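Please keep the sequence and the model in view while going through the numbered points.

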Amino acid sequence: MLQNEKKQSFIELGKFLSQFSENDCKKDNNVLSNDLFFDDFIKLIHLSQSHNGWYTPEQVFFAIQSWANALTEENINKWLSAYSFDAVQGDKNIALILAGNIPLVGFHDFLSVLITGHNVLVKTSSNDQYLLPFLAKYLIAINPDFANKITFVEGKLENFDAVIATGSNNTARYFEYYFKDKPSIIRKSRNSVAVLNGKETKEQLVALGEDIFRYFGLGCRNVSKLFVPEGYKFDAFFEAIFEYQDVIHYEKYANNYDYNKAVFLMSNFKLLDNGFLTLKEDVSHASPISSVFYETYNNIEDLKQRLQAENEQIQCIVSDNLIENSISFGKTQTPDLWDYADNIDTISFLLIT
């Protein structure tokens with residue numbers, strides 16, 4: 001399959017995904033194979049919550065639109081222009097062990113394997129078993145050459161040349177041992193942080209709420225920790241994130257809020273609480289659902305050094321240009337194709353595998 005054919009297939013997939021949004025699903029008769037897939041995809045989106053209680057239609061539609069926005073000809077060409085594909089030697093079998101914390105979380109790895117010309121062996125998470133296989137069927141329908149390049153595996157992974165596996169810190173140790181003889185990318189638990197200086201606008205703090213509450217805080221790109229200057233008052237922060245108060249009406253989130261708050265209070269921890277989010281001073285980056293940890297700092301240069309030293313625990317940093325290469329408020333869950341998880345260049349890994 002020619003490189004241009006692969007790119008065009010994903011561009012067409014992007015056009016297909018662009019039809020689906022929370023406010024309106026509008027069928028475009030110019031989209032390939034729409035008669036076969038449009039109605040079934042709407043049904044799957046609305047069934048997703050029965051497969052995984054965290055996959056509400058709102059969250060699934062957001063993930064779909066994010067990928068629709070990413071899979072444009074301009075974005076794909078910009079992403080791939082940094083690489084030479086001449087060195088790819090034949091078809092390798094690349095195994096993917098995917099997470100299931102947010103919808104389509106493993107799609108970037110899936111895309112990367114296929115765009116480099118390799119074959120993909122996918123072991124989905126039990127929490128996300130349906131969305132990616134559906135999109136794979138769509139790709140095969142518009143380009144039958146993909147039929148021999150995509151395999152979903154239910155049992156043991158076998159006959160693979162390299163692996164990309166995502167899991168917790170505990171499962172990562174298992175992966176590192178089990179795949180020690182194979183080229184691999186092993187992704188561990190990471191969290192994202194925000195650095196504030198007290199000069200943020202209300203609009204920026206509202207956008208920070210998106211970084212915190214999107215996907216109920218389950219993603220590694222969700223902000224779970226705030227660094228604030230000594231003496232920082234959280235009044236403006238709580239006022240800004242009040243827009244997200246409806247999250248407490250979702251039962252699974254509310255149960256986590258009640259449970260985690262009770263655990264904190266029974267341990268006599270001091271909390272700041274607005275009725276749907278607790279703030280707890282804590283040195284850890286990983287806060288439980290419905291809670292955000294915070295620490296104070298008195299010297300931004302010292303904080304920069306600390307964040308650099310802890311970079312293997314951090315997925316991304318949000319700030320108003322306080323930290324080099326930080327992400328703007330509200331943008332953590334809309335990464336570009338060239339924003340790699342753990343800052344590991346997946347395409348480069350696949351090109352030399």
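1. The expected span of a helix is taken as 1.5 Å times one less than its number of residues. Helices (H or I, at least four residues) and strands (E, at least two) are DSSP runs, numbered from the N terminus.

2. Basis of the values. This is a predicted model, in which local features need pLDDT of at least 70 and side-chain atom pairs count only at pLDDT 80 or more, while totals for chains, interfaces and linings use all residues. Residues are numbered from 1 along each chain as its sequence is written, and side-chain values use heavy atoms, with hydrogens and water left out.

3. The buried residues of H2 include Phe37, Phe41, Leu44 and Ser48. Buried means under 20% relative accessible area, exposed over 50%, and partly exposed in between (1.4 Å probe, protein chains only). An α-helix has 3.6 residues a turn, so residues three or four places apart point the same way. The buried residues of H2 pack against helix H1 (3-17), helix H3 (57-70) and helix H6 (131-142), where contact means heavy atoms within 4.5 Å.

4. Helix H3. The 14 residues of H3 should span 20 Å, and the end C-alpha atoms are 20 Å apart, which agrees. H3 is mostly covered, with 10 of its 14 residues buried; among them are Phe61, Phe62, Ile64 and Trp67. These buried residues of H3 pack against H1, H2, helix H4 (73-80), helix H5 (107-115), H6 and H8.

5. A residue of H1. Is Asn4 buried or exposed? Asn4 belongs to helix H1 and is exposed, with a relative accessible area of 53%. Its C-alpha atom is separated by 30 Å from that of Ile102, 98 residues apart along the chain.

6. Strand S7 and its partners. In strand S7 (residues 223-229), 7 of the 7 residues are buried. Strand S6 (residues 191-195) pairs with S7 in the parallel sense over 4 bridges; two strands pair if DSSP finds at least two bridges between them. Val195 stands opposite Phe227 in S7. The chain passes from S6 through helix H8 (residues 202-213) to S7 in a right-handed β-α-β crossover, that is, with the strands pointing away from the viewer, the path from the first strand over the helix to the second runs clockwise. S7 also pairs with strand S10 (residues 291-297), parallel, over 5 bridges, and Pro229 faces Tyr297 in S10.

7. Strand S11. Because 5 of the 5 residues of S11 (residues 314-318) are buried, this strand is largely enclosed by the rest of the structure. S6 and S11 run parallel and are joined by 3 bridges, with Val318 in S11 as the bridge partner of Ala194.

8. Cysteines. How many disulfides does a search of the whole structure find? The search finds 0, a disulfide being a pair of cysteine sulfur atoms within 2.5 Å. For Cys316, the nearest cysteine sulfur is that of Cys220, 7.3 Å away. Cys316 is buried, with a relative accessible area of 7%, whereas Cys25 is partly exposed at 27%.
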